[in-house]
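Please review the protein shown below. The briefing that follows is arranged by topic.

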Amino acid sequence: MTTQRVKEILSWYGSDNPGTLTNLARLLNHGKLGGTGKLVLLPVDQGFEHGPARSFAPNPPAYDPRYHFELAIAAGCNGYAAPLGFLEAGAREFAGEIPLILKVNDHDVLLDEADPTQALTGSVEDALRLGCVGIGFTIYPGSAQRFELYQQIRAYAEEAKRRGLIVMIWSYARGSGLSKTGETAIDVIGYAAQIAAQLGAHIIKVKLPNEHIEQEAARKVYEKEQIPIATLSERVRHVVQCTFNGRRIVIFSGGVIDTDDALLDEMRAIHAGGGFGSIIGRNSFQRSKPDALQLLNTIMDIYSEQAAPIRTPVLT
């Protein structure tokens, strides 16, 4: 049965057809967090994005695509996202056991690029053939290649929604015009999240923001309006506000964290700030399966701590 919270979230996507809303509901209702409005997803695009040894050598069973299906299912994740090859390697064997998201563009690190872009590596037709609930697409706000990526996802999103699929956008700020710190600056992350929402994403994935402000024009506004950004939970709340005042699902990537305590503190800040959850890749599949399951269960416990969701202010 669909909970009131899930019905509320579905109501934010009034332009979508019943097929798309059904697939969004499948994702929100699946796994240990089903019905709460929170999401924990397992993404495994790192083999393409970072290389196989860098991604899987710390836990060799992870070289096998089926390992990741098994991990996501055993952990009770809401869904599993991966490029075409990994999904094709397990979609039949694990059909119907977990919602799938096909990552339809990818990037490699064989060359160093100041302004990255992504290659189109999958299609809406592939997603339908594999039984996916939706597609995933990366954009790089800040890259000189960004406008081409925006145009590509507009076309992909139009087809996906017409065919009843959801659209998830990885919005990663990168490019020659940004400092390294600026890639996760609060003004840049908020802007990246807004761009993804404006491009029609149902679910937006961004990195956690730091308190640096990259753009001088933005700094003046943050200071004048006294926007609270001192703590991580305040910054998460602001990013949620930037995604249509909390009326779009925004989740946060974990990145490389030194300790489990530091990682779990980030999850607590996401929860306290009204974020919708996390997408946890290397921090889970690069450790043994028992350790990964323990970590993912702890993360899900954090997100399910409070029965009542944290609300963002609504306009009156």
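A residue is called buried when its relative accessible area is under 20%, exposed when over 50%, and partly exposed in between, using a 1.4 Å probe and protein chains only. This is a predicted model, in which local features need pLDDT of at least 70, side-chain atom pairs count only at pLDDT 80 or more, and totals for chains, interfaces and linings use all residues. Residues are numbered from 1 along each chain as its sequence is written, and side-chain values use heavy atoms, with hydrogens and water left out.

**Overall form**

- The protein contains 14 helices and ten strands; helices (H or I, at least four residues) and strands (E, at least two) are DSSP runs numbered from the N terminus.
- The C-alpha trace spans about 55 × 50 × 40 Å along its principal axes.
- Among the 316 residues, 55% count as buried.
- Of the contacts (heavy atoms within 4.5 Å) with a separation of 6 or more, 74% are between residues 24 or more positions apart.

**Nonpolar core**

- In soluble globular proteins, nonpolar side chains tend to be buried together.
- A nonpolar core is a set of buried Ala, Val, Leu, Ile, Met, Phe, Trp, Tyr and Cys residues joined through side-chain atoms within 4.5 Å.
- The largest such core has 98 residues, of which C77, Y80, L87, I203, I249 and I251 touch the most other members.
- Helix α14 (residues 289-303) gives the most to this core, with eight residues.
- Beyond its neighbours within four places in sequence, Y80 is in contact with residues including L42, V44, P65, H68 and F69.

**Helix α11 and its surroundings**

- Helix α11 (residues 232-242) has as its buried residues L232, R235, V236, H238, V239, V240 and C242.
- These buried residues pack against α9 (186-198), β8 (203-207), α10 (216-224), β9 (249-253) and α12 (260-272).

- Q226, in the loop between α10 and α11, has a positive phi of about 50° although it is not a glycine.
- Q226 is exposed, with a relative accessible area of 66%.
- F244 follows α11 and has a positive phi near 60°.
- N245 lies in the loop between α11 and β9; its phi is positive, about 55°, although N245 is not a glycine.
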